[in-house]
Amino acid sequence: MNDQAQLLPGTLDLLILRAVSLGPLHGYGVLLRIEQISGKALLVEQGALYPGLFRLLRQGLLKASWGTSENNRRAKFYELTATGRRRLKEETDSWNRLATAIASALSPQPEEA
Amino acid sequence: MRFLDSLRFRIAALFQREQMRAEMEEELRSHIQHRADDLERSGMERAEAERRARIDLGGKEKYKEECHEAAGSRFVHSVLADVRFAVRVLAKSPGFTVAAVLTLALAIGANAVVFGLMDGLILRPLNVPQPENLYGTNYGDNSGWQSYPNYKDLRDRNRSFEDLAAFDFALGVGMDTGNDPQATNGFAVSGNYFDVLRVKPYLGRLIHASDERGPNSAPYVVLTYAFWHSRFQDDRGVVGRTILLNQHPYTIVGVAPPRFQGTLLFVSPDFFAPMVNEEQLNGGSLTDRSNQGSVFESFGHLKPGVTLAQAVADVNAVGGYLEKTYPKDFAQKNTVLSRLGLTSFRARASAFLAALMALAGLILLAACANLGSLFAARAADRSREVALRLALGSSRKRILRQLLTEAVLISLAGGVAGVLGSVALLRKLNTWQPIAGAPIHLPVTPDAKLFVFALILALVSGLLFGMVPVRQVLRANPYEIVKAGASARAGRRVTASDVLLVVQIAICAVLVTSSLVAVRGLMRSLDSNFGFEPRNALMAGVNLAMGGYSGDRVPAMQRRMIDAMKTIPGVEAVGQVNGYPPLAYTAGTKVSVFKKENSDLRSANADIMPFRYEVSPDYFEAAGTTLLAGRDLSWQDSKNAPAVAVVNRNFAVKMFGSVTGALGREYKLLEGTKVQVVGVVEDGKYQVLTESQQSAMFLPFLQSPASSAYMVVRINSKAGRDTEQVAAAMRSKLRDLDRGLPVDIETWTTLLQTVLFPAQMATMALGVMGTLGAMLAITGIFGMAAYSVSRRLRELGIRLALGAQRREVLRAALGRPLKLLAAGSTAGLMLGLLATRVLAFIVYQATPRDPLVLTGVVVAMGLLGLVATLIPAQRALSIDPMVLLREE
């Protein structure tokens with residue numbers, strides 16, 4: 001079995017928001033941060049990240065500005081807007097509820113044991 | 001708030017697309033650099049690291065496109081891209097593009113022109129205030145309202161009209177503004193004419209009822225704007241000037257507004273003068289109740305609340321009263337009231353235009369069928385491209401949108417080209433003078449309505465038939481098509497495009513049939529027996545009233561003119577007919593005549609209604625009319641001699657049983673005068689070519705003089721003098737007799753134009769439609785044949801390689817299109833023959849049962865097929881199997 005899980009549809013946006021919530025990041029940084037916080041368990045296709053970023057920009061959840069990276073290269077940095085922060089909280093809560101429900105549904109029931 | 005942000009982002013994205021593109025590029029480059037930095041740190045060579053980083057990122061272009069989409073700018077952007085791509089694709093197959101655009105342009109153009117005519121003549125009302133309830137007595141139904149006393153009675157006795165005005169033509173009035181007498185055409189109008197119409201003057205004043213104080217009491221004239229503009233160069237000082245009309249002084253009192261051109265849509269007069277001056281203008285009488293020539297039409301606004309039916313009943317009630325009071329002069333007919341503007345021509349014009357519109361609709365249908373098969377063939381040719389695009393990850397939606405864009409582009413191009421062409425043609429029609437010297441013009445001005453109509457038509461037809469290939473695309477299985485190639489089996493199945501082609505060819509054959517029938521009919525009507533010989537005859541129209549002649553001076557002068565003409569070398573015979581000769585300007589006066597024993601002399605009780613002509617001695621010889629029995633009229637048949645007449649065969653047979661039996665017999669006119677028949681001439685046509693055989697009588701012109709007449713000058717064809725020379729000699733002789741007399745000399749054939757005009761118009765229109773149909777048939781068959789050849793190129797190549805004969809190859813390649821052509825033509829011919837029954841109403845002797853027409857259609861369709869399949873056939877024959885097989 002592959003130890004890297006495929007992303008569920010719709011979860012990329014949530015992961016991006018989460019990654020950026022810890023501080024402004026450029027695109028490659030977002031990728032590294034997602035790998036890092038998921039313990040390298042989640043695989044994000046590198047190019048697919050960018051349409052996601054643009055989608056969140058359009059929705060006004062992120063804002064972007066150009067700056068200089070730690071490698072001393074020009075890069076576009078993303079950070080959360082207030083709306084983005086609110087959305088992250090809502091989505092996280094709803095994800096947790098869903099995860100709990102799925103987990104309990106899938107957990108071994110007494111009669112099965 | 002969020003919505004606003006999003007909107008701002010989208011708009012920014014739209015306007016800063018280039019900037020966005022650059023930023024995206026830079027961002028992705030930055031990503032690769034960072035990735036490469038990491039890889040380098042783990043010990044990779046820089047160059048290798050960068051290569052690796054690029055591979056890791058994946059399809060950069062694809063992601064950029066997705067970014068655009070995510071940013072919301074994709075829609076507009078991709079539409080532009082679609083358009084750009086469509087233009088490129090279409091430019092790559094110019095044959096298809098030109099064929100499709102041209103097909104559509106022709107069809108749209110034809111429809112727009114017919115619509116323009118319809119709009120100008122039928123849909124658009126007269127350009128006066130409140131035209132909706134403006135109704136007139138329908139000229140031409142012989143209802144008897146056409147005398148001035150009748151008009152006055154109707155005006156004063158009816159209870160339906162707010163007020164009733166009347167007008168008549170004042171054609172060929174000599175106008176002298178100081179030095180050059182010129183024949184002009186005006187309207188003689190009742191005093192209340194402008195007030196009834198609620199028209200306000202552009203300059204000065206108009207004519208009012210208060211100007212009328214009995215015969216010849218109102219020497220005032222109002223100019224139309226166009227005439228004022230062309231003849232007086234917009235000179236505002238013209239108001240108050242005195243000019244001469246037929247040598248009588250008239251004061252110009254004003255100029256009518258620019259967009260008012262009288263009350264007949266297709267006639268544009270030069271001036272308006274009071275009808276009470278009828279005697280000076282037309283030489284007619286205002287007091288003679290039976291003179292049906294002094295009013296053309298009376299009209300007015302219906303009173304509020306009065307329905308058309310009530311008005312008609314009211315008018316007929318007045319008619320009933322008049323018939324009782326003046327039994328000799330007035331025969332009551334059921335009057336028809338109609339919208340002012342076209343009078344009784346409305347019905348015929350509507351029918352004609354409706355027929356034209358139907359034909360134009362057929363053209364459009366044929367064009368659509370054509371477009372459909374063009375698009376279908378093209379889609380099949382492109383199935384490989386489409387499959388490739390599908391395989392490379394394009395969505396079906398995107399491909400459909402692409403096809404749609406192409407269809408819209410072609411529709412727009414075709415529509416615009418069609419509209420431009422039709423506007424040019426309509427402009428030309430608007431300034432066209434169909435009949436030289438007559439003030440007739442078609443009031444067609446293309447406007448926004450026309451453009452909208454044409455564009456909608458173009459888009460609907462383009463989209464409908466541009467979408468024919470959609471099914472093919474939706475069904476396409478990329479894997480199969482790419483694997484198998486585009487070659488399909490030559491199916492025996494009847495496909496949709498086969499049906500389209502047959503329908504199209506059938507429609508085209510209908511059009512070709514109708515136009516051939518019409519042309520044949522016209523040719524035959526030119527050749528038919530008119531009862532006179534228009535060739536080698538010159539007509540000189542002289543109105544002595546223009547020169548101030550009256551009373552006994554009129555016939556005396558006319559005799560001098562006739563004698564003068566006879567002295568011209570090469571002239572064989574000279575005669576004169578009062579008013580108009582037969583078949584000119586659809587003029588013709590019918591009168592009531594009675595058998596001698598009939599004593600109840602009311603119009604309603606007449607035995608027959610022959611056309612009445614007043615002619616000079618030698619008229620029949622000059623006109624080329626054969627005298628069947630008896631004698632010609634002579635100079636002795638003068639004012640005081642007994643009343644005599646020459647009648648035509650139809651008259652003689654109807655009244656007296658036979659030609660010879662009519663000689664010496666008597667009949668009675670409405671006034672009670674007994675007339676003796678002294679001669680019988682052959683039958684002829686008198687008013688229109690399509691009329692059934694009518695009776696006619698010819699009275700001596702000396703017994704009923706008239707100042708307006710035509711001289712008929714017969715030229716001896718063997719004398720070697722052409723018409724130009726004789727016409728010049730006639731002009732100089734007439735100038736010697738009276739310098740100031742305007743004369744109008746033309747050949748009789750030219751004069752006939754007026755009666756041939758409807759048939760010519762119909763023939764011209766049908767000819768154009770037939771040509772359009774033929775062109776569409778060519779493109780349709782060509783498209784089908786070319787497509788069939790190109791699809792089966794490989795198969796044909798193999799056949800050739802295996803030793804097939806050229807003839808067999810040709811049969812394989814073109815058999816199907818030709819079979820379809822035959823099927824379509826047969827169907828079309830049948831339908832065409834049915835349709836031409838309708839034509840017979842307009843075109844004289846239009847009969848489909850004419851072997852020449854039948855062979856003509858067959859030959860024409862065969863030729864079309866030949867022309868259309870020539871190029872594909874050549875292509876099929878020039879196949880080189882080796883080259884072909886190598887290419888595949």
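Buried residues (20 or more other C-beta atoms within 10 Å of the residue's own, against 12 or fewer for exposed and anything in between for partly exposed, with C-beta atoms placed from the backbone) make up 31% of the 113 residues in chain A. The model is predicted, and local features are reported at pLDDT of at least 70, side-chain atom pairs at pLDDT 80 or more, and totals for chains, interfaces and linings over all residues. Residues are numbered from 1 along each chain as its sequence is written, with chains lettered from A and ligands numbered from 1 in the order of writing.

Chain A contains 4 helices and 3 strands, where helices (H or I, at least four residues) and strands (E, at least two) are DSSP runs numbered from the N terminus. Their order from the N terminus is α-β-α-α-β-β-α. Two residues are taken to be in contact when their C-beta atoms, placed from the backbone, lie within 7 Å. Of the contacts in chain A with a separation of 6 or more, 51% are accounted for by residues 24 or more positions apart. In chain B, the secondary structure comes to 28 helices and 21 strands, and 45% of the 888 residues count as buried. Among contacts in chain B between residues at least 6 apart in sequence, 81% join residues at least 24 apart.

Within chain A, helix H1(A) (residues 11–21) packs against H3(A) at an angle of about 75 degrees, with the axes 10 Å apart. The two helices are therefore roughly perpendicular. Axes here are lines fitted to C-alpha atoms, for helices over the stretch in contact, and angles run from 0 to 180 degrees between N-to-C directions; angles under 35 degrees count as roughly parallel, over 145 as roughly antiparallel, 65 to 115 as roughly perpendicular and the rest as oblique. On the H1(A) side the contact involves A:Leu12, A:Asp13 and A:Ile16, which meet A:Gly52, A:Leu53, A:Arg55 and A:Leu56 of H3(A). By class, this contact has 4 nonpolar, 1 polar and 2 charged residues, with Ala, Val, Leu, Ile, Met, Phe, Trp, Tyr, Cys and Pro counted as nonpolar, Asp, Glu, Lys and Arg as charged, and the others, Gly among them, as polar.

Between the chains, 21 residues of chain A are in contact with 24 residues of chain B. On the chain A side, two or more residues each come from helix H2 (27–37), helix H3 (49–58) and strand S3 (74–80). H3(A) provides the largest share, 6 residues. The chain A side divides into 6 nonpolar, 9 polar and 6 charged residues. B:Asp56, in helix H3 (residues 46–57) of chain B, is in contact with A:Gln46 and B:Arg35, leaving aside neighbours within four places in sequence. B:Asp56 counts as partly exposed because it has 16 C-beta neighbours inside 10 Å.

A nonpolar core is a set of buried Ala, Val, Leu, Ile, Met, Phe, Trp, Tyr and Cys residues joined through C-beta atoms within 7 Å. The largest such core has 224 residues, and those with the most contacts inside it are B:Ile363, B:Met711, B:Val712 and B:Val713. Helix H24 (residues 748–791) of chain B gives the most to this core, with 20 residues. Apart from neighbours within four places in sequence, B:Ile363 is in contact with B:Ala107, B:Ala110, B:Met769, B:Leu772 and B:Gly773. A second, separate core of 31 residues includes A:Ala19, A:Leu31, A:Leu56 and B:Ile32.

B:Gly418 lies in helix H14 (residues 396–431) of chain B and counts as buried, with 27 C-beta neighbours inside 10 Å. B:Gly418 and B:Gly109 are 309 residues apart in sequence but 4.0 Å apart in space, C-alpha to C-alpha. In helix H13 (residues 383–391) of chain B, the residues B:Ser383, B:Val386, B:Ala387 and B:Leu390 are buried. These residues lie on the same side of H13(B), because they cover an arc of only 100 degrees around the axis, the arc being that of the directions from the helix axis to the C-beta atoms.

Two loop residues of chain B other than glycine have positive phi values. For B:Arg198, phi is about 60 degrees, and the residue is exposed, with 12 other C-beta atoms within 10 Å. For B:Asp618, in the loop between strand S14 (611–615) and helix H20 (619–623), phi is near 70 degrees. B:Asp618 counts as buried, with 21 C-beta neighbours inside 10 Å.
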